[in-house]
Amino acid sequence: MSLKRVLSVLSACVLAVGIMAGCGKSDDESSTATEEAKNYKIGIVQIMEHTSLNTIRDAVVAQLEELGYKDGENCTIDLQQANNEATMVTQILDKFKADGDDIIVAITTPCATAAAAYSDEIPVVFSAVTDPVSAGLVQDWENSGDENLTGTSDKLDITRILDTALTITPDIKTLGYLYNTGESNSVSCLEEVKEYCDENGIELVEASATTATELAEAATTLFSKCDAVFSPNDNTVAGAMGTVAQVAIDAGKPMYVGADSMVQDGGFATVGIEYTDLGIETANMVDQILQGEQAGDIPVKVFNEDLSTYINKSTAEAIGVTIPEDIENGEKTVFFE
């Protein structure tokens, strides 16, 4: 081989090695950039601590980890609760914005309505909002009207809950409604309860309260006047469920509620979803958005199918109610002790 040919081959080899080395460096840099891009900041705010909301929050975090978002490794998950104070919700959301969070998860209607004001800059996924349309969060159930906002709803099937109440305790002539007038989700449910009672010849008596002490007093008054009491998935009532449930037990009357966790905490019965499922779907939406999908293109998810009947067996025994066999032996009946 001529000297010229040898030099040509050597030059080609050197060039090839250089290109390979350059490609290797580029891949490393690209990989690092990708890892950095995956280090998302996720802010989660709930209005207060109680079983329903904690169940959703824990399910969101667990599902995010299942999807590959590991707190402290490739993402930061900032969990906050507002002690049922609107001003604290705003402070928390301001913190998320200042920290440069990539997405906000707002659990409950009060948190969601406050977070909506931040959706022009940060995508917001709400959870456990009973009626996002009435709350002004979305235009309708299919279209949010906000490209950065979507979420999951725990809208109650009032008819099924009260039909079940009449099946278990058919002598209900007067029904109490215990709620906080400051919670739009509870106000929205009230209209449906009124309509049901009108159609079924049941007298409805309302009582509202904002603290555990007030709730106990209001519940005592209701049970003195009513055959049973119903409370929707009201955060104020849920936060004081142990106290209110004891009032019902002392009165020897059933308290029907809006959430499985409220039954777990002493309420008598409900028909609805498992709140873990709500949290899982909320996390799935977070993943979709972080992977590039527009929040506004994701329809609000309503959990109104595959519902279960939840009954607190200890409460049933305490108030002397016998569960009908078809409900007790139903495939979709869940008992809490």
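Let's start with a pair of helices. Helix α7 (residues 212–225) packs against helix α9 (residues 241–251) at an angle of about 25°, and their axes are 9 Å apart. Angles under 35 degrees count as roughly parallel, and that makes α7 roughly parallel to α9. Their crossing is right-handed. On the α7 side, the contact is made by A212, L215, A216, A219, T220 and F223, while α9 brings T243, V244, V247, A248 and A251. Sort these residues of the α7 and α9 contact by class and you get nine nonpolar, two polar and no charged.

Before going on, keep in mind that what you're looking at is a predicted model. Here's the overall picture. The chain has 337 residues, and 48% of them count as buried. Its helices number 13, and so do its strands. Now take the contacts between residues at least 6 apart in sequence: 71% of them join residues at least 24 apart.

Back to helix pairs. The crossing of α2 and α11 is right-handed. From α2, the residues S52, T55, I56, A59, V60, Q63 and L64 take part, and they meet Y275, T276, L278, G279, I280, T282, A283, N284 and V286 of α11. By class, this contact of α2 with α11 has nine nonpolar residues, seven polar ones and no charged ones.

Now a third pair. Helix α5 (residues 158–168) and helix α6 (residues 184–199) have axes that come within 10 Å and cross at roughly 50°. α5 and α6 are therefore oblique to each other. Their crossing is right-handed. In α5, the residues to look for are I158, T159, L162, D163 and L166, which meet C189, E192, V193 and Y196 of α6. The contact of α5 with α6 includes six nonpolar residues, one polar residue and two charged residues.

What about the inside of the protein? In soluble globular proteins, nonpolar side chains tend to be buried together. In this model, the largest nonpolar core has 104 residues, and the members that touch the most other members are I42, L175, L178, F230, M255, Y256 and F268. Helix α11 (residues 275–290) gives the most to this core, with seven residues. Zoom in on Y256 and leave out residues up to four places away in sequence: Y256 touches A165, I168, T169, I172, A228, V229, F230, S231, F268 and A269.

Next, compare a couple of single residues. V61 sits in helix α2 (residues 51–66). Is V61 buried or partly exposed? With a relative accessible area of 24%, V61 is partly exposed, because buried means under 20%. Setting aside its neighbours within four places in sequence, V61 is in contact with I44, I77 and L79. V61 and I77 are 16 residues apart along the chain, and 8.1 Å separates their C-alpha atoms.

I327 belongs to helix α13 (residues 325–328). At 11% relative accessibility, I327 falls under the 20% cut-off, so I327 counts as buried. Not counting residues up to four places away in sequence, I327 touches T164, T167, I168, T309, I311 and T333. I311 is 16 residues from I327 along the chain, and the C-alpha atoms of I327 and I311 are separated by 9.7 Å.

Finally, have a look at the loop between β2 (75–81) and α3 (86–98), where you'll find N83. N83 isn't a glycine, yet its phi is positive, at about 55°. N83 counts as partly exposed, at 42% relative accessibility. N84 lies in the loop between β2 and α3 too. Phi of N84 is near 60°, again a positive value in a residue other than glycine. With a relative accessible area of 32%, N84 is partly exposed.

Terms used
Residues are numbered from 1 along each chain as its sequence is written. This is a predicted model: local features need pLDDT of at least 70, side-chain atom pairs count only at pLDDT 80 or more; totals for chains, interfaces and linings use all residues. Side-chain values use heavy atoms; hydrogens and water are left out. A nonpolar core is a set of buried Ala, Val, Leu, Ile, Met, Phe, Trp, Tyr and Cys residues joined through side-chain atoms within 4.5 Å. Buried means under 20% relative accessible area, exposed over 50%, partly exposed in between (1.4 Å probe, protein chains only). Helices (H or I, at least four residues) and strands (E, at least two) are DSSP runs, numbered from the N terminus. Contact means heavy atoms within 4.5 Å. Axes are lines fitted to C-alpha atoms, for helices over the stretch in contact, and angles run from 0 to 180 degrees between N-to-C directions. Angles under 35 degrees count as roughly parallel, over 145 as roughly antiparallel, 65 to 115 as roughly perpendicular and the rest as oblique. A crossing is left-handed if the near helix is turned anticlockwise from the far one by less than a right angle, and right-handed if clockwise. Ala, Val, Leu, Ile, Met, Phe, Trp, Tyr, Cys and Pro count as nonpolar, Asp, Glu, Lys and Arg as charged, and the others, Gly among them, as polar.
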